[in-house]
Amino acid sequence: MSRTLENDRLMRALRRETVDRTPVWIMRQAGRYLPEYRALRTRARDFLTLCKTPELACEATLQPIKRFPQLDAAIVFSDILTVPDAMGRGLYFAAGEGPRFERPVRTLRDVRTLHVPDPNDELGYVMSVIAAVRGELGDKLPLIGFAGSPWTVATYMVEGGPSKTHSHIRGMMYSDPDVLHELLEILAQASCIYLAAQIAAGADVVMVFDTWGGTLTPAAYKEFSLRYMEQIVAEIRDVPVVLFTKDGGAWLEAMADTGATALGLDWTTDIGDARRRVGDRVALQGNLDPCVLYAPPEQIRSAVANVLESFGPGNGHVFNLGHGIHPGIDPAHLEALLNAVHELSPAQH
Ligand code: CP3
């Protein structure tokens, strides 16, 4: 749904239109690096309860916006694992270990028990968060909705817990590709209707997070990850779609071929090279190394300058980190990043 926004830099940059300066938002901008987030999570008791309590998730979404008026977008406070949670796989977050599922998906029988969740019922709490945020934000800033890529969500569902090698899902890919395709197909359908519901509830842009596509061979990436993201892009017509495959720098041309509006870049690709490869077809979002934020503010400023100069003059850049901000970062260091984008980027426009 396109609306007239007071700050439309993000929307304009995604369409590769002129802007006065480069828009900026930060992956995981609502998160543990903020003391006010840690207090809110304590109040909610745990992360999933926070996601599922719309007034608290709305507050989490707005925390970074209130602290940093330099931000050009809000992103819904939620998680990519809300979808398999709604599919009844028993999602929980074990302290310090990341997500786990009580019932991993390993066999055809497991896959056949899954259903596509009704986004306005089983995932209705996410739509309530979006409506609440929209109510508070008015038309000031764009709101980003999101989903995980089918491949990445499947990785968590099949592994069921932390894994360095992803042997279960990558084994299944070779031993039982039809079962895996059936799972990915259900997840693609679920993601399409979930994102469409987020757009109907008030999201202005949607982003697909493919955290684990970069672990695949080029052929497997196209068959098991990109193909399903392409299905999602084809279904989303009304708003810009950003695709982000971490470690996917080798496949930017194929990602641009999906018809996505923009590609997210991690820090292992030079953004100027990426622009030369695909910048006439898509906008680019990224790509400062999140660890730069451990450095003192002057160094952060020069690292921001390097990304801006590498992209170079003209349209189609959305400033961001190459992955989520780490929990240990000093918020004052993020402030230095944001100020640097505000002060240095007008020279590129
Ligand atoms: O960016 C934002 O501010 C919006 C909120 C958001 C979260 N997760 C909140 C969150 C978004 C966009 C995500 C996406 C997400 N979730 C991804 C894709 C992006 C990426 O980081 O690669 C993935 C893989 C997940 C799954 C997930 N959720 C993991 C692996 C973890 C544990 C790791 C960690 O950082 O603790 C989470 C938990 C999570 N999701 C937290 C937040 C703020 C931390 C929860 C807490 O302890 O309070």
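**Close-up 1. Helices α2 and α4, side by side.** Helix α2 (residues 35-44) and α4 have axes that come within 10 Å and cross at roughly 170°; axes here are lines fitted to C-alpha atoms, for helices over the stretch in contact, with angles running from 0 to 180 degrees between N-to-C directions. That makes α2 roughly antiparallel to α4 (under 35 degrees counts as roughly parallel, over 145 as roughly antiparallel, 65 to 115 as roughly perpendicular, the rest as oblique). On the α2 side, the contact uses P35, E36, Y37, L40, R43 and A44, and α4 brings L56, E59, A60, Q63 and R67; contact means heavy atoms within 4.5 Å. Sorted by class, that's six nonpolar, one polar and four charged residues, where Ala, Val, Leu, Ile, Met, Phe, Trp, Tyr, Cys and Pro count as nonpolar, Asp, Glu, Lys and Arg as charged, and the others, Gly among them, as polar. Keep in mind that this is a predicted model, where local features need pLDDT of at least 70 and side-chain atom pairs count only at pLDDT 80 or more, while totals for chains, interfaces and linings use all residues. Residues are numbered from 1 along each chain as its sequence is written, and side-chain values use heavy atoms, with hydrogens and water left out.

**Close-up 2. Helix α4 again, now with α7.** The axes of α4 (residues 54-67) and α7 (residues 124-137) come within 8 Å, crossing at roughly 50°; helices (H or I, at least four residues) and strands (E, at least two) are DSSP runs, numbered from the N terminus. The two are therefore oblique to each other.

**Close-up 3. Where α9 meets α10.** Helix α9 (residues 167-175) packs against helix α10 (residues 177-201) at an angle of about 115°, with the axes 6 Å apart. I169, M172, M173, Y174 and S175 of α9 touch P177, V179 and L180 of α10. That contact has seven nonpolar residues, one polar and no charged.

**Close-up 4. Aromatic pairs.** The count comes to seven aromatic pairs, with rings of Phe, Tyr and Trp (its six-membered ring) pairing if their centres lie within 6.5 Å; planes under 30 degrees apart are stacked, over 60 edge-to-face and the rest tilted. F209 and F244 have ring centres 6.4 Å apart and planes at 80°, so this pair is edge-to-face. F209 sits in strand β5 (residues 205-210) and F244 in strand β6 (residues 241-245), so the pair ties together parts 35 residues apart in sequence. Both F209 and F244 are buried (under 20% relative accessible area, with exposed over 50% and partly exposed in between; 1.4 Å probe, protein chains only). Y221 and W251 have ring centres 4.1 Å apart and planes at 20°, so they're stacked. Elsewhere, ring pairs link Y37, F47, F77 and F93 into a cluster.

**Close-up 5. Buried N320.** N320 belongs to strand β9 (residues 317-321). Its relative accessibility is 0%, so N320 counts as buried. Setting aside neighbours within four places in sequence, N320 is in contact with W25, I26, M27, Q285, G286, N287 and L288.
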